[in-house]
Amino acid sequence: MTITPDQEPAATQLSVLEPDVLPYDDTALCPICSQRVDDIGTPAVPVEFLADPAAVDGDQAPVYAYVCGRHRGRDVVLPLPMALAPDVAVGLSARVEGETRPVAVPEPEVHR
Ligand SMILES: [Zn+2]
């Protein structure tokens, strides 16, 4: 059997979207399925999302984000608003849905 790169399984798609955050209690909703997202992690997103890709090492940057796991074959990453990010996070300018907004990156990952 010959295995060529073309036959590798398709990578999981990544969508980076703006979460819908309710103003009165900071509840965050997935903009696709409108379900509440509670899981906060630091999923890696390609540095192409950052306005300054050189701000972090490597080709991926961890960002504090909600992750919606309800979408088969697609990781839906919803970066936290800076106001909800941990104190140790640094805001880096990023492009999300065509808008420039800060995303929270763990401070040790960021070049000063
Ligand atoms: Zn969802």
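Q: Why is P53 called partly exposed, rather than buried or exposed?
A: In this predicted model, P53 has 14 other C-beta atoms within 10 Å. A residue is called buried at 20 or more such atoms and exposed at 12 or fewer, so P53, with its 14, falls in between and is classed as partly exposed.

Q: What does P53 touch, leaving out residues up to four places away in sequence?
A: P53 touches V47 and E48, where a contact requires the C-beta atoms, placed from the backbone, to lie within 7 Å. As for R101, it stands 48 residues from P53 in sequence, and the C-alpha atoms of the two are 14 Å apart in space.

Q: What makes strand 7 and strand 8 a pair?
A: Strand 7 (residues 65-68) and strand 8 (residues 74-79) run antiparallel and are joined by 4 bridges; pairing asks for at least two bridges, so the two strands count as paired. Within this pairing, V67 has V77 in strand 8 as its bridge partner.

Q: Why are strand 1 and strand 4 called edge strands?
A: The open sheet has 4 strands in the order 1-8-7-4, with mixed pairing. Strand 1 (13-16) and strand 4 (40-41) each pair on one side only, and these are its edge strands.

Q: How many helices and strands does the protein have?
A: The protein comes to 0 helices and 10 strands, and buried residues make up 24% of its 112 residues.

Definitions and conventions
Residues numbered from 1 in each chain as written. Predicted model: local features only at pLDDT ≥ 70, side-chain atom pairs only at ≥ 80, totals over all residues. Contact = placed C-beta atoms within 7 Å.
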